[in-house]
Amino acid sequence: MKHHPQSNFTLIELLVVIAIIAILAAILLPALNSARERGRTANCISNLKQLGNVSLMYCNDNDDYLIPAKGMESNWTWWSLNRMRYYLGENSQVLICNSGLRPDGQVFAGTTYSYNVYIAGWYASVSAETMVYRKLTKISRPSERPQIVCYSNHAQTSAYPLFDEWVFREPKNAVSLARHNGQTSILYVGGNCNNYTPIPYDSKMTTDVRLYND
């Protein structure tokens, strides 16, 4: 009777196989994560373009006025969120970017995006006499003025998903902004979108966020 040699792995051979698998995983996982993030970035840009269409529809229905950042009934909540949901209907999922979810998977204040506080008088009184509403056609360089940014501060405890120029000035915000392979997605007042690489103390973006003279 012939005896066939056994083909069982030795312990050393098994460890070698495990080590090779671990090395391959270390090489491939970053590439897979990067590819996944590129897909999320494309989806985020699509969301922002739809929100840009909502903004334009609101302007058409309201004598060219942009959706305000807040209303007189609330100082802190993103008042415009409900205005956008009115136009979005069942498509409110576009208010969420998967790269912006909190570590526990929750959505902060109903959205992962932030709205420019200067599109309505965030720093003005909430009275009707001092609220500064903005007309689309009165804003200079609309293609350079950020309206909605894929950004939210997970440390916030109050519901105000809004941003001002400090988001683009403080280095600590770069981590929160760099959601998409080191970049963030931005919708501008003019309806155009792009991916922006955070630069601490970005003087141009700081100026573009402000609407003091419009």
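**Briefing: fold, surface and cysteines**

The chain is made up of four helices and five strands; helices (H or I, at least four residues) and strands (E, at least two) are DSSP runs, numbered from the N terminus. This is a predicted model, in which local features need pLDDT of at least 70 and side-chain atom pairs count only at pLDDT 80 or more, while totals for chains, interfaces and linings use all residues. Residues are numbered from 1 along each chain as its sequence is written, and side-chain values use heavy atoms, with hydrogens and water left out.

**Fold**
- Read from the N terminus, the order of elements is α-α-β-β-β-α-β-β-α.
- Of the contacts (heavy atoms within 4.5 Å) between residues at least 6 apart in sequence, 72% join residues at least 24 apart.

**Surface and burial**
- The chain has 214 residues, of which 39% are buried, where buried means under 20% relative accessible area, exposed over 50% and partly exposed in between (1.4 Å probe, protein chains only).

**Cysteines**
- There are zero disulfides in the structure, a disulfide being a pair of cysteine sulfur atoms within 2.5 Å.
- The closest cysteine sulfur to that of Cys-44 belongs to Cys-150 and lies 3.7 Å away, too far for a bond.
- Cys-150 is likewise in no disulfide, and its nearest cysteine sulfur is that of Cys-44.
- Cys-44 is buried, at a relative accessible area of 1%.
- Cys-150 also counts as buried, because its relative accessibility is 0%.
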